[in-house]
Amino acid sequence: MAAITTGRYGFALLGVVQAVLIFTITILTVPLPLVAREFGLGPSGVLLLSAAYGLSFSSLLLLGGRLADRHGGRPVLRAGLALLAAASIACALAPGYPVLLASRFVQGAGAALAAPAAVAVVRVLHPEPAAYRRAMATWGGLSVLGATAGSVVSGAVAAAVSWRWLFAVPVLVALAGLARSAALPAAAPAGTRPALDLRGAALATAGVCAASYALVGSTEHGWHSPGTYGPLAAGLALLIAFAAAERRTADPLLPPGFLADRRRATALAAVMATAAGTALTFVLLSLYLQQLRGWSAAATSAAFLPYAAVLLLSGRLAGPLTVRYGPVAVTAGGLAVAAAGLGLLAGLAPDSGYALGLLPGLLLLPAGAAAAFAGAAVLATGGVPPERTGLAAGVFNTAMELGPTAGLAALMALAATRPSVVGGYAAAFAAAAVGLALTAVAVAALPRSTKPNGSTVPDRTTMPNGTTVPDPTTIPSATEHINHIEEFTP
């Protein structure tokens, strides 16, 4: 089979895989009440089932990234897709809750292998720093698109057929990816293979999983329950032990200085804040429409169709905008627009209408979120040597998973302090809007752009007469720009 040497087709294949990995996180968000009734689940069972995929996904991403750096992206991608396909089939055929729960955990493990490995292959498809940054600008928008598609499609499919048919999507995409993966470049890592830090992997996996479980459980048990502070304390202790162990390891899983870079750390904060805000919107509005307004699951999914349409449009524009104006400006602007959307949703009332009460926020939020993810993906993965591409991708995806986990826990706890349910929802939206606005300020304060050698330069150059023009090192020619739009917009 001939190798896929063009960026367009290889990137399209990998982009669909990435979108479906995130799609699978939200696949049960809307039909979860239907699943709970079928299996007779109580609150704790529903909680664990809703979190299972994300727990294993987020806790194993660092290990998945390191495996991609050690063995190359293609073999790790294949292993992840095979695991995802097998687990998705098991989910669809699950005879009871234990099998479904275990299969969701295995799905997340497969995704944790596939996600960073896919980015490692993208790096091989586009080895030039400028081309790789353009690819990652589009890549950032694929994740929020996948999450939105999961929430929009799931309710309609569950109402029309069965929630079990939703798992056909990851099965088909994983099988297609396996069939075509042999045509992808081998993506073998250059130079000496990094050692596999098994002790660090075990500590990081256990720490992230325990802390994430505690944060998710806090919405049911409360912050003063042993079921919350016990796992949270254990998770924090394990993560502290992980940080200490990494300083004494010759080839650590997460080099201590990797997150010290200001641009990368701020970009990861932007990813977490944006992911938390978008997840909050789907969870709270799904509860509001179904439980308080009496809407069906299908009608609730339909309510998010304008959100999805704006997301598709803004996702196509975000990559070229990042190329044109730089990742800092696009990320900061996207965060500000998303914050405005959440601010509008903070006006939620018991009798809020859809067209005037919800729709304006549902249009602004995706427009800003797509831009924020696109720019942040470039900032978070830029300037990383090829042998650490998997690591950078793992950290980026970890931030995307931890954002909804930690953010939802904190915001739902805030909502619970209000006497009325809708008032609590409004307070949570307002807090999320403030968080995104503050993050936008932090991003705007960053140096504007990065040259291929990693040094920073301003987005605009000042001429002797005092006027400013676009910096020629950061702005492609018109012909290049058209080619980039064609190549990186699947």
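A: Let's start with a term: two residues are in contact when they have heavy atoms within 4.5 Å of each other. This is a predicted model, where local features need pLDDT of at least 70, side-chain atom pairs count only at pLDDT 80 or more, and totals for chains, interfaces and linings use all residues. Residues are numbered from 1 along each chain as its sequence is written, and side-chain values use heavy atoms, with hydrogens and water left out.

Q: Which residues of α12 meet α13?
A: Helices here are DSSP runs (H or I, at least four residues), numbered from the N terminus. From α12 come Leu321, Thr322 and Tyr325, and they meet Pro327, Ala329 and Val330 in α13.

Q: How do I describe two packed helices?
A: You give the angle between their axes and the distance between the axes. Axes are lines fitted to C-alpha atoms, for helices over the stretch in contact, and angles run from 0 to 180 degrees between N-to-C directions. Here, the axes of α12 and α13 (residues 327-345) come within 7 Å and cross at roughly 130°.

Q: What about α12 and α14?
A: The axes of α12 (residues 305-325) and α14 (residues 354-381) come within 8 Å, crossing at roughly 30°. So α12 and α14 are roughly parallel to each other (angles under 35 degrees count as roughly parallel, over 145 as roughly antiparallel, 65 to 115 as roughly perpendicular and the rest as oblique).

Q: Is Arg123 buried or exposed?
A: Buried means under 20% relative accessible area, exposed over 50%, partly exposed in between (1.4 Å probe, protein chains only). Arg123, found in helix α5 (residues 97-125), is buried at 14%.

Key: Helix = DSSP H or I, 4+ residues; strand = E, 2+ residues; numbered from the N terminus.
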